[in-house]
Amino acid sequence: MLLEIDKLNLKFKTSKGIIHAIRDLSFNISPGETLGIVGESGCGKSITNLAIMGLLPDTAILEAETLKFEGRDLLSLKEKEWQKLRGGDIAMIFQDPMTALNPCFTVGYQIEETLALHRKDLTKSQRTEFAIDLLDQVGIPAPKERSLSYAHELSGGMSQRVMIAQAIACNPKLLIADEPTTALDVTIQDQILKLLKTIQEKNKMAMILVTHDLGVVAENADRIQVMYAGEVIETGPSKEIINHAHHPYTQGLLNSLPGKSNAGFRTPLPSIAGMVPDLRARPHGCQFNPRCLYVEDDCKERMPHLSNGKHGVSCYHPINIG
Ligand SMILES: Nc1ncnc2c1ncn2[C@@H]1O[C@H](COP(=O)(O)OP(=O)(O)OP(=O)(O)O)[C@@H](O)[C@H]1O
Ligand SMILES: [Mg+2]
């Protein structure tokens with residue numbers, strides 16, 4: 001197993017008290033596998049990734065029964081060890097390249113800096129050459145000239161490619177892509193996702209692909225994990241989840257995908273009524289119960305737990321069963 005997480009809990013200290021943002025999160029990733037994480041805004045996708053990258057703010061309280069990468073306990077890593085791991089065996093690409101790339105340095109220089117940290121075997125000129133080669137690998141035309149550009153001189157799609165080049169510079173075993181295409185238009189989105197897939201197959205790299213869009217993970221992930229209010233409410237092989245969603249929330253997300261029936265028409269898509277709960281005032285029982293079409297009394301009384309097995313669901317009254 002590449003990444004093992006068992007019963008991870010994440011809280012934040014705030015001026016208004018403690019927020020319990022992630023509750024009993026457990027999941028694993030095998031080498032080469034793609035896990036898609038979906039859920040509405042605020043459900044805990046990004047902070048899960050920050051926990052894996054050791055990038056949580058000082059106000060965070062992180063606890064877990066297991067948090068291991070290649071068998072190494074991440075909870076006991078020192079900052080120096082984190083620096084070695086980050087950008088080395090675990091790399092991350094962010095939603096907005098403009099905030100992740102440094103405006104003061106050329107993009108080539110930024111990739112060289114990553115190489116300087118993790119590839120001590122390369123000389124300076126080898127690093128320069130390798131940075132250009134990486135820009136070429138991610139499909140940037142005239143990579144040598146482009147390596148001398150600054151981020152603001154590149155389009156959104158090109159900057160995203162630069163970030164990918166930087167992320168794959170050290171051949172990571174796990175790439176975390178947190179909404180890598182949300183800021184891009186649809187054709188560029190497609191190109192970037194295809195690029196990630198090609199790199200992944202070539203380098204046998206595992207990937208966590210975070211998105212709001214179930215359509216994107218359906219096409220790109222082996223497994224899907226649906227999160228709601230800091231909990232996993234459904235998980236399983238992508239095809240299973242798309243064709244036989246058991247959780248009413250997952251079904252709601254699927255219903256709001258543009259389908260064949262309304263393709264080309266500007267009909268509003270059905271969305272899930274209501275809002276994600278305020279984590280300071282969580283509802284009793286199932287966190288989704290105030291919005292659920294199938295809610296019954298037991299849902300409001302006790303918290304359901306994720307069932308075991310390949311296709312797990314956390315619901316007392318699952319749908320599409322049998
Ligand atoms: N620094 C923080 N201090 C306090 N609470 C935080 C902090 N960071 C995150 N949270 C809480 O954790 C929740 C989840 O945040 P997170 O950024 O992981 O959401 P997300 O699923 O990535 O959403 P989005 O799709 O908008 O990116 C937030 O709604 C917020 O309540
Ligand atoms: Mg996020």
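1. In which strand does Lys-7 lie? Lys-7 lies in strand β1. Its phi is positive, about 50 degrees, although Lys-7 is not a glycine. Lys-7 counts as partly exposed because it has 13 C-beta neighbours inside 10 Å. On this scale a residue is buried if 20 or more other C-beta atoms lie within 10 Å of its own, exposed if 12 or fewer, and partly exposed in between, with C-beta atoms placed from the backbone.

2. A note on what is being read. This is a predicted model, in which local features need pLDDT of at least 70 and side-chain atom pairs count only at pLDDT 80 or more, while totals for chains, interfaces and linings use all residues. Residues are numbered from 1 along each chain as its sequence is written, and chains are lettered from A and ligands numbered from 1 in the order in which they are written.

3. Overall make-up. The protein chain has twelve helices and twelve strands; these are DSSP runs numbered from the N terminus, with helices being H or I of at least four residues and strands E of at least two. The radius of gyration of the protein chain is 21 Å, close to the 20 Å that the globule rule gives for 322 residues, so the chain is as compact as a globular protein of that length. That radius is taken over C-alpha atoms, and the rule is 2.2 Å times the number of residues to the power 0.38. Along the principal axes, the C-alpha atoms fill a box of roughly 70 × 50 × 40 Å.

4. Of the 322 residues in the protein chain, 38% are buried. Among contacts with a separation of 6 or more, 64% are between residues 24 or more positions apart. Two residues are in contact if their C-beta atoms, placed from the backbone, lie within 7 Å.

5. A helix pair. Helix α4 (residues 107-118) packs against helix α5 (residues 124-137) at an angle of about 115 degrees, with the axes 9 Å apart. The α4 side of the contact consists of Gly-108, Ile-111, Glu-112, Leu-115 and Ala-116, and the α5 side of Arg-127, Thr-128, Phe-130, Ala-131, Ile-132 and Leu-134. By class, the residues of this contact are seven nonpolar, two polar and two charged. Axes are lines fitted to C-alpha atoms, for helices over the stretch in contact, and angles run from 0 to 180 degrees between N-to-C directions. For the classes, Ala, Val, Leu, Ile, Met, Phe, Trp, Tyr, Cys and Pro count as nonpolar, Asp, Glu, Lys and Arg as charged, and the others, Gly among them, as polar.

6. Ligand 1. Which residues come nearest to ligand 1? Of the 16 residues around it, they are Phe-12, Ser-41, Gly-42, Lys-45 and Ser-46; a residue is near a molecule if its C-beta atom, placed from the backbone, lies within 6 Å of it. The elements that give two or more residues to this shell are β1 (3-14), β2 (17-29) and α1 (45-53). Helix α1 gives the most, with three residues. The shell has seven nonpolar, eight polar and one charged residues.

7. Glu-4 and Phe-27. Glu-4 lies in strand β1, and Phe-27 is found in strand β2. Glu-4 is partly exposed, with 19 other C-beta atoms within 10 Å. Phe-27 also counts as partly exposed, with 19 C-beta neighbours inside 10 Å. Leaving aside neighbours within four places in sequence, Glu-4 is in contact with Asn-28, Thr-66 and Lys-68, and Phe-27 with Ile-5, Gln-225, Val-232 and Thr-235. From C-alpha to C-alpha, Glu-4 and His-317 are 29 Å apart in space and 313 residues apart in sequence.

8. Gly-156 lies in helix α7 (residues 156-168) and counts as partly exposed, with 16 C-beta neighbours inside 10 Å. Apart from neighbours within four places in sequence, Gly-156 is in contact with Pro-97, Ala-183 and Leu-184. Asp-96, in the loop between β7 (90-93) and α3 (97-100), has its C-alpha atom 9.4 Å from that of Leu-184.

9. Lys-204. Is Lys-204 buried or exposed? Lys-204 counts as exposed because it has 10 C-beta neighbours inside 10 Å. Lys-204 lies in the loop between α8 (186-203) and β9 (206-211), and its phi is positive, about 50 degrees, although it is not a glycine.
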